[in-house]
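Here is a model to explore by question and answer. Look at the structure first, then read on.

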Amino acid sequence: MANSYLVIGGNLDLRYQAALKTIRKEINDKEWAAENNPDFFLLDLATTIGIDEIRDLQNRLGLKPFGCSRQVSLILRAENLSVEAQNSLLKTIEEPPGKALIVLTCPEASLLLPTIASRCQIVRLPVLPQINLDKEEESIYQKMIKRILPSPVGERWQILEEAEIANDRLKAIEWLDKLTFVARKLLIEEVEKEKKPTSSESLYFALLSSLSKTKFYLEANTNVRLTLENFLLDLPLLSC
């Protein structure tokens, strides 16, 4: 009998359905339903999940089940857990009250502290393509790249402020993914167009390296604003 699961991959709805399926299998009850279930606690916040919400969850899990054999909790957007909240949740995952079952869902395990992910049984869903830009949006990101690269740091920061991502980790990661997608296309076009290495080609390689590093740090829960500032400072200042 397992006490904690982490569902990763897919999209939000697929992760939710997989979580419900995992719960039914774990408690060995095909008829189990989340709706109007006093033994089920859903924690689903699109904003930061703090320590107060985790304490509420812990209190709920400590109650004696009404009709089910186990208290069940589902944290649907676990990537929104603050570091403080994750550290508080860790003890509950390690020593759940009674037979409590905790299920978390998240796009990638790397968005959680390793101590959380390592203590959960992982349910992996197929990874869905995350980037789907139409021509208009792709053009916007091309122009953004060509604004950022030749600009001094102050103007680069203004571009990020316009994107409204400096205080939102998920938006910042999505922004980096879209920039990466477009930068790769620009690099491929540059390589196909020229027979020998060019300064633009080197520039796109440098950009892709910085984007990859910045995304890694953001997924490791570093400070969003400081990480983006370092990204801007890390980029070479060249004409494009």
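Q: Which helix gives the largest share of the lining of the largest pocket?
A: This is a predicted model, where local features need pLDDT of at least 70, side-chain atom pairs count only at pLDDT 80 or more, and totals for chains, interfaces and linings use all residues. Residues are numbered from 1 along each chain as its sequence is written, and side-chain values use heavy atoms, without hydrogens and water. H1 (12-27), H7 (169-193) and H8 (199-219) each supply at least two lining residues, helices being DSSP runs of H or I with at least four residues, numbered from the N terminus. The largest share, 5 residues, comes from H7.

Q: How many residues of the lining of the largest pocket are charged?
A: Asp, Glu, Lys and Arg count as charged; Ala, Val, Leu, Ile, Met, Phe, Trp, Tyr, Cys and Pro as nonpolar; the others, Gly among them, as polar. The lining has 15 nonpolar and 10 polar residues. The charged ones number 11.

Q: Is H2 roughly parallel or roughly antiparallel to H3?
A: Helix H2 (residues 51-61) packs with helix H3 (residues 83-94) at about 15°, their axes 8 Å apart. Axes are lines fitted to C-alpha atoms over the stretch in contact, and angles run from 0 to 180 degrees between N-to-C directions. Angles under 35 degrees count as roughly parallel, over 145 as roughly antiparallel, 65 to 115 as roughly perpendicular and the rest as oblique. So H2 and H3 are roughly parallel.

Q: Which residues in H3 does H2 meet?
A: Contact means heavy atoms within 4.5 Å. From H2 come Ile51, Ile54, Leu57, Gln58 and Leu61. Their partners in H3 are Glu84, Ala85, Ser88, Leu89 and Thr92.
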